[in-house]
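Hi,

Here is the structure I promised to pass on.

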Amino acid sequence: MTTLPVRVERRVGQRFLYLLPLSLRQPAASIEGVGFTQDLSSRGVFFFTDAPLREGTEIEITLRMPSEITLGENMRVRCRGRVLRVVKPVTSAQDSSSPTRAETKIGVAVRLEGYEYLPESADSSSFARVSALHSHHDPHEEDQPMAHSSARPVLG
């Protein structure tokens, strides 16, 4: 009878599975990009991106940290960290006609070393809109009717 080796969990913080948009910047290489998280903890993050990142480099990530991690309210945070691992996209010869979004991006594991809580601003979103299905409300346009409130969104 064979026994499986015992694997010791080295993570200190609890991991939360979150699909959150993020923006990233690697100052040393002047690389900027966007991505989305797979999981997140107070000490690390694993995300997918198109940005050409390398192991060992310093990185800044900006995202809205959920209340389970801040132990308070959801808040925008700029995190400093170091890239621990870069996972190349999985290419499947069997079904390359319909890869998922994650399969076309690199996976990046980052150890977070510091945080900067960012103030909320009038335009607190630094991310591109993910979908035309989300409504957008501008407080300066309260007197104007919505131009396409009854129109169905065009998906493309």
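Glutamate 116 and arginine 78 form a salt bridge, with their closest N and O atoms 2.9 Å apart; the term here means a side-chain nitrogen of Lys or Arg within 4 Å of a carboxyl oxygen of Asp or Glu. Glutamate 116 sits in strand β7 and arginine 78 in strand β6, so this pair ties together parts that are 38 residues apart in sequence. Strands (E, at least two residues) and helices (H or I, at least four) are DSSP runs, numbered from the N terminus. Both ends are partly exposed: glutamate 116 has a relative accessible area of 40%, and arginine 78 comes in at 29%. For burial, I call a residue buried under 20% relative accessible area, exposed over 50%, and partly exposed in between (1.4 Å probe, protein chains only).

Before going further, please keep in mind that this is a predicted model: local features need pLDDT of at least 70, side-chain atom pairs count only at pLDDT 80 or more, and totals for chains, interfaces and linings use all residues. Residues are numbered from 1 along each chain as its sequence is written, and side-chain values use heavy atoms, with hydrogens and water left out.

On confidence, the protein chain has a mean pLDDT of 75, and 61% of its residues reach 70 or more; pLDDT is the predictor's confidence in each residue, from 0 to 100. Residues 124-156 have pLDDT below 50, and beyond near neighbours in sequence this stretch has 15 contacts in the model. A contact means heavy atoms within 4.5 Å.

Back to the charges. The search of the whole structure turns up 6 salt bridges. One of them joins arginine 15 to aspartate 39, with the closest N and O atoms 2.5 Å apart. Arginine 15 is in the segment before β1 (16-17) while aspartate 39 is in strand β3, so the pair links parts that are 24 residues apart in sequence. How exposed is each partner? Arginine 15 is partly exposed, with a relative accessible area of 27%, whereas aspartate 39 counts as buried at 9%. Their side chains also make a polar contact (2.5 Å). That term covers a pair of N or O atoms within 3.5 Å; within protein, one must be able to donate a hydrogen and the other to accept it, and residues adjacent in sequence count only if both atoms are side-chain atoms. Leaving aside residues up to four places away in sequence, aspartate 39 touches Arg15, Phe16, Leu17, Tyr18, Val45 and Phe46.

Another salt bridge runs between glutamate 113 and arginine 111, with the closest N and O atoms 3.1 Å apart. Glutamate 113 is partly exposed at 39% relative accessible area, and arginine 111 is partly exposed at 38%.

Now the rings. There are 3 aromatic pairs, where rings of Phe, Tyr and Trp (its six-membered ring) pair if their centres lie within 6.5 Å; planes under 30 degrees apart count as stacked, over 60 as edge-to-face and the rest as tilted. Phenylalanine 16 and tyrosine 18 make a tilted pair, 6.1 Å centre to centre with 40° between the planes. Both phenylalanine 16 and tyrosine 18 are buried. The rings of phenylalanine 46 and phenylalanine 48 have centres 5.4 Å apart and planes at 90°, so that pair is edge-to-face. Phenylalanine 46 counts as buried at 12% relative accessibility, and phenylalanine 48 is buried at 12% too. Ring pairs link Phe36, Phe46 and Phe48 into a cluster.

What about the core? The largest nonpolar core has 24 residues, and Phe47, Leu53, Ile59, Ile61 and Val110 touch the most other members. By nonpolar core I mean a set of buried Ala, Val, Leu, Ile, Met, Phe, Trp, Tyr and Cys residues joined through side-chain atoms within 4.5 Å. At least two residues of this core come from each of β2 (21-26), β3 (31-40), β4 (44-49), β5 (58-65), β6 (75-87) and β7 (106-117). Among the contacts of valine 110, not counting residues up to four places away in sequence, are Phe47, Ile59, Ile61 and Val83.

Serine 30 is not a glycine, yet has a positive phi of about 55°; serine 30 lies in the loop between β2 and β3 and is exposed, with a relative accessible area of 67%. Leucine 71, also not a glycine, has a positive phi of about 60°. Leucine 71 is in the loop between α1 (67-70) and β6, and counts as exposed at 77% relative accessibility.

Cheers
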